[in-house]
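The sequence and structure come first.

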Amino acid sequence: MNQPYFAQTFDPLVQAQSLAAAFEKTAAVRDKQGGTAKIERDLIRASGLLSLSIPKAYGGQGADWETIFKTIQLIAQVDSSLAHVYGFHHLLIATVQLFARPEQYESWFRQTAQQQLFWGNALNPLDRRTQVQQLNDDTFIFQGEKSFCSGSIDSDMLLCSGYTQEDKLLIAVVPTQRDGIRFLGDWNNMGQRQTDSGTTHFEQVKILKHELLLNPGPLSTPYSSLRPLIAQLIFVHLFLGVAEGAFKVAHQAVQHQKAWATSSATQSVDDPYIQKHFAEFYVQLESVRLLTNKARTLLQNAWNEGPDLSAQQRGEVSVAVATAKIAATRTGLMLTQDMFQVMGARATTAALNLDRFWRNVRTQTLHDPIDYKYQEVGEWVLTGKVPHPSFYS
């Protein structure tokens with residue numbers, strides 16, 4: 001497969017911006033349709049961005065986390081569903097790096113880089129319906145269902161999990177087309193409508209031992225426990241991107257909009273109340289950007305530390321990420337709601353489908369309770385205790 005995008009002139013941010021420009025043209029219509037954004041996912045494949053997080057040693061681009069997160073943010077400005085499945089692809093690549101050894105994942109990564117494979121998620125540790133039976137030393141059987149499997153449909157590789165009778169969590173990497181894997185296509189929620197976050201059914205799916213991520217395994221060390229922090233920072237950039245997208249739409253809308261009838265101004269841009277709203281939007285966005293930059297830098301430093309990362313260092317990253325998550329959640333929800341306050345009643349027409357910005361943020365911010373992020377930060381402020389690693393903190 002020819003890959004001209006690996007040339008030195010390849011700029012991931014320019015590529016992501018180009019994708020965003022294409023996605024923006026159809027985002028409102030596709031949101032109403034739901035289902036799988038097959039054409040758009042193939043554009044992501046062709047862009048070369050799927051290999052950003054794969055180390056150069058395995059044919060990837062070895063990009064830093066700032067670059068990866070910013071590509072997610074750029075796409076989220078116009079289409080948070082595609083940003084979601086694209087971001088999860090890189091999360092799953094990172095998961096394998098953190099939970100396994102190079103001798104195990106080298107072939108997966110080389111194949112992904114060469115063929116621009118899209119990874120899908122069927123991990124969800126809270127859903128315990130998938131059970132694992134061990135047939136012999138080398139063969140395991142996954143049986144059951146798994147919910148919230150974002151990006152699973154139209155993926156090429158799948159990260160899946162199940163529990164043994166001894167209540168041990170096992171995580172495996174398998175080709176999506178493995179016999180016995182079936183997607184129910186039952187995702188029909190109010191937001192993130194093209195993330196394919198529905199149910200995956202495993203019917204006597206054979207998993208080989210070399211496909212299980214056992215060394216060092218899930219959340220077994222401070223370094224491997226960076227996985228949930230990467231996930232949370234993906235959400236932060238997702239929420240920030242959506243808020244920036246909503247801000248852009250509102251900003252463009254008021255440029256040539258007449259002020260309200262009783263206003264002292266003729267145009268909306270000169271109305272003091274409109275100005276106040278945009279000042280609030282700007283301050284909130286700038287606050288999130290600064291907090292996000294800090295969290296992203298700390299995560300990159302921790303990633304660079306590798307297996308030598310200490311529990312305290314990891315904990316300091318988690319506090320910064322939780323802080324940014326709180327700010328991004330609040331700003332995302334506020335701005336996607338209040339954008340209508342400056343645009344007026346015409347902005348509510350169904351043809352524009354602008355409520356998708358709020359619906360998408362509201363849906364994704366419920367992934368895990370923000371109250372527990374407040375609790376983690378509050379406990380750290382009062383006692384100095386850093387959050388205990390879990391799949392959500």
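The second largest cavity of this predicted model holds about 30 Å³ of space. Its lining is made up of Leu229, Gln232, Ser318, Val321, Ala322, Lys373, Glu376, Tyr392 and Ser393. By residue class, four of the lining residues are nonpolar, three are polar and two are charged. Three helices, namely helix 7 (227-254), helix 9 (311-343) and helix 11 (370-383), each give at least two residues to this lining. Helix 9 provides the largest share, with three residues.

How many cavities of 30 Å³ or more does the structure hold? There are two cavities that reach this volume. The largest cavity has a volume of about 120 Å³. Its lining consists of 14 residues, and those closest to the centre of the cavity are Asp31, Asp79, Ser80, Arg356 and Asn360. Helix 2 (27-33), helix 5 (80-99) and helix 10 (355-364) are the elements that contribute two or more residues to the lining of the largest cavity. The lining of the largest cavity divides into five nonpolar, four polar and five charged residues.

| Cavity | Volume | Nonpolar lining residues | Polar lining residues | Charged lining residues |
|---|---|---|---|---|
| Largest cavity | about 120 Å³ | five nonpolar | four polar | five charged |
| Second largest cavity | about 30 Å³ | four nonpolar | three polar | two charged |

The next topic is the annotated span. An unreviewed UniProt entry places the feature "domain: Acyl-CoA dehydrogenase/oxidase N-terminal" at residues 42-114. In the model, residues 42-114 are 70% helix and 0% strand.

Which strand is joined to strand 3 (residues 139-146) by seven bridges? The partner is strand 7 (residues 200-208), and the two strands run antiparallel. Within this pairing, Thr139 has Leu208 of strand 7 as its bridge partner. Strand 7 also pairs with strand 6 (residues 181-183), again in the antiparallel sense, over three bridges. Here Arg182 stands opposite His201 of strand 7.

Terms used: Residues are numbered from 1 along each chain as its sequence is written. This is a predicted model: local features need pLDDT of at least 70, side-chain atom pairs count only at pLDDT 80 or more; totals for chains, interfaces and linings use all residues. Side-chain values use heavy atoms; hydrogens and water are left out. On a 1 Å grid over the protein atoms alone, a cavity is a set of points where a 1.4 Å probe fits but cannot get out, and a pocket is an open set with protein on both sides within 12 Å along at least five of seven lines; lining residues have an atom within 4 Å of a point. Grid points are joined across faces, edges and corners, and a volume is the space filled by probe spheres set on the points. Helices (H or I, at least four residues) and strands (E, at least two) are DSSP runs, numbered from the N terminus. Ala, Val, Leu, Ile, Met, Phe, Trp, Tyr, Cys and Pro count as nonpolar, Asp, Glu, Lys and Arg as charged, and the others, Gly among them, as polar. UniProt positions are given in the numbering used here, feature names are shortened, and annotations may be inferred rather than shown by experiment. Two strands pair if DSSP finds at least two bridges between them.
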